[in-house]
Amino acid sequence: MAATHTSPQLDRWELRSVYSVDHSVPVLAEVDVVVIGAGAAGVAAATVCAEQGLSVIIVERYGFAGGAAVAGMSGTICGLYLASDSGAGPEQVVLGFSERFRKGLAARGGLTEPQRYGKTWTVAHDPQVWREVADDLLYNAGVRILFHTTLSGVILDGGTHRGVVVDSNAGRAAIHAKRTIDASGDAAAVARAGWSYYFGDNGKIQNPTMFFRLGNVNTEAFWEAFGEDTICPPWVTEQIVADREHGRDLPREKIWIFKTPRPHELLVNATRLADSDGRMLNVIDPEDFTIAELLGRKQVRGYAEFLRRHLDGCADSFVVDTGVEAGIRQTRSIVGAQTLTNDQVLNCEKPVDGIVRSPWPIELHDGSRPKLHWLLDDYYEVPYLTLVPEEGEGIIVAGRCLGAEHEALASARVTAQCFEYGHAAAWATVLSLSSETRYRDVDPAILRGKLAAAGSAI
């Protein structure tokens, strides 16, 4: 499959950026592994690789780790618990690095107890504590951390990755690496090599969003009225629709509100970001990204005012903050050596090369209202080769840019699974280097054994 674009605007940008191995760029480092992006997947990948004795450098454009969880303030660790109609309490089925990070957050008071989300459960975290946990993991493992640094090109030897070129305020430098882990979430290193990717369902991708935190809330009164489910009750939806008919800018009527670890505070996921004419926004394009953030902050004001007017406990509330960036659900997906299909998710298939469980519903945000398809009392497993690009060698992805069909990705993209993609990519890297094996030839049985020994439930 050839790389595809969804907007003529993307054709104005030169994406492919390849350097030969005899480039003239100053060399900053020569390492075993370079990790692009310090979100959930990148932190897991870098930490585990370094703990196994590899020299690792991680590149992150912000001054902190966290990616969508912190910069995008997604705020929850979704994908840990089974969904069920039984009425039983939360049953955690995803462990490994996800559980390690969950425990780190909880130990610092930065995590809530499980909260009801429809037929399943989730937990919410404090983004400041998330950064601190990630900092400690990376630093203590001996990872060399480069914040405030962006990927600008890749170094190729024929069809094999040999490192990356990065930019910062200091200038441009090369990082030579035996293996590259693309944890950018956007398949940035794969795309800059000119290798194949696609956007969702024939170019249709999920809407971005803008989370916000609401402070000075009488949370006892709020939850008594709202109910224990974080998905809003019908009367709230009806009130949103009524306000919208009177000209309020409230495009999404099904909103989600979560407890946070902080007193008198709520985490709100309410916005639906599309251009003023309804056009889908592809945040790979910086103009679309800008529109999403301008509209997002405007909608946050509207929803915050709605909550003050209509929800018990919110009369004196105020917006604490929004995400540093719009929350990104989907951009590029790699054309992988294998593709996670919609049917595999719906049928809860568990292939022999599965590297993480996912019980999370298909949670699709690409229309006027979210679509939820529950996987009750079961889960599927994501195949290892969905992380391996069909083209090229020496690179693996970790995070939401894995090879997956559109609706499958709407389940597979969430935080707990991203931690485990990074975990799996790290052990695949260790095995690849120790045996001088291509990623696509790593024995999945040995990989699964390493993951299980490290605490993953597979």
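Biologist: Is glutamine 344 buried or exposed?

Modeller: This is a predicted model, where local features need pLDDT of at least 70, side-chain atom pairs count only at pLDDT 80 or more, and totals for chains, interfaces and linings use all residues. Residues are numbered from 1 along each chain as its sequence is written, and side-chain values use heavy atoms, leaving out hydrogens and water. Glutamine 344 lies in helix α8 (residues 342-346); helices (H or I, at least four residues) and strands (E, at least two) are DSSP runs, numbered from the N terminus. Buried means under 20% relative accessible area, exposed over 50% and partly exposed in between (1.4 Å probe, protein chains only), so glutamine 344, at 12%, counts as buried.

Biologist: With which residues is glutamine 344 in contact, leaving aside its neighbours within four places in sequence?

Modeller: Contact means heavy atoms within 4.5 Å. With the sequence neighbours set aside, the partners of glutamine 344 are Gln338, Thr339, Glu349, Tyr380 and Pro383.

Biologist: At what angle do the axes of α1 and α10 cross?

Modeller: Axes are lines fitted to C-alpha atoms, for helices over the stretch in contact, and angles run from 0 to 180 degrees between N-to-C directions. Helix α1 (residues 40-51) and helix α10 (residues 415-434) have axes that come within 7 Å. Angles under 35 degrees count as roughly parallel, over 145 as roughly antiparallel, 65 to 115 as roughly perpendicular and the rest as oblique, so α1 is roughly parallel to α10. The crossing angle is roughly 30°.

Biologist: How do the residues of the contact of α1 with α10 divide into nonpolar, polar and charged?

Modeller: From α1 come Ala40, Ala41, Ala44, Ala45, Val48 and Cys49; α10 gives Thr415, Cys418, Phe419, Gly422, His423, Ala426, Trp427 and Thr429. Ala, Val, Leu, Ile, Met, Phe, Trp, Tyr, Cys and Pro count as nonpolar, Asp, Glu, Lys and Arg as charged, and the others, Gly among them, as polar. The division is ten nonpolar, four polar and no charged.

Biologist: Are α1 and α2 roughly parallel or roughly perpendicular?

Modeller: The axes of α1 and helix α2 (residues 96-107) come within 11 Å and cross at roughly 100°. Val43, Ala44, Thr47, Val48 and Glu51 of α1 meet Phe97, Arg100 and Phe101 of α2. Two of these contact residues are charged, one is polar and five are nonpolar. By angle, therefore, α1 and α2 are roughly perpendicular.

Biologist: In which order do the four strands of the open sheet stand?

Modeller: Two strands pair if DSSP finds at least two bridges between them. The edge strands are β13 (256-259) and β15 (318-322). Strands β12 (residues 212-215) and β14 (residues 266-269) pair in the antiparallel sense over three bridges. The order is β13-β14-β12-β15.

Biologist: Which helix lies across β12, β13, β14 and β15?

Modeller: Neighbouring strands of this sheet are turned by 30° against each other on average, direction ignored. The helix running at about 35° to β12 covers residues 286-310: α7.

Biologist: What is the phi of asparagine 216?

Modeller: Asparagine 216 is in the loop between β12 and α5 (219-226). It is partly exposed, with a relative accessible area of 44%. Although the residue is not a glycine, its phi is positive, about 60°.

Biologist: In β6, which residue is the bridge partner of threonine 76?

Modeller: Three strands form an open antiparallel sheet in the order β4-β6-β5. Two bridges join β4 to β6 (residues 120-124). Threonine 76 is partnered by alanine 124.
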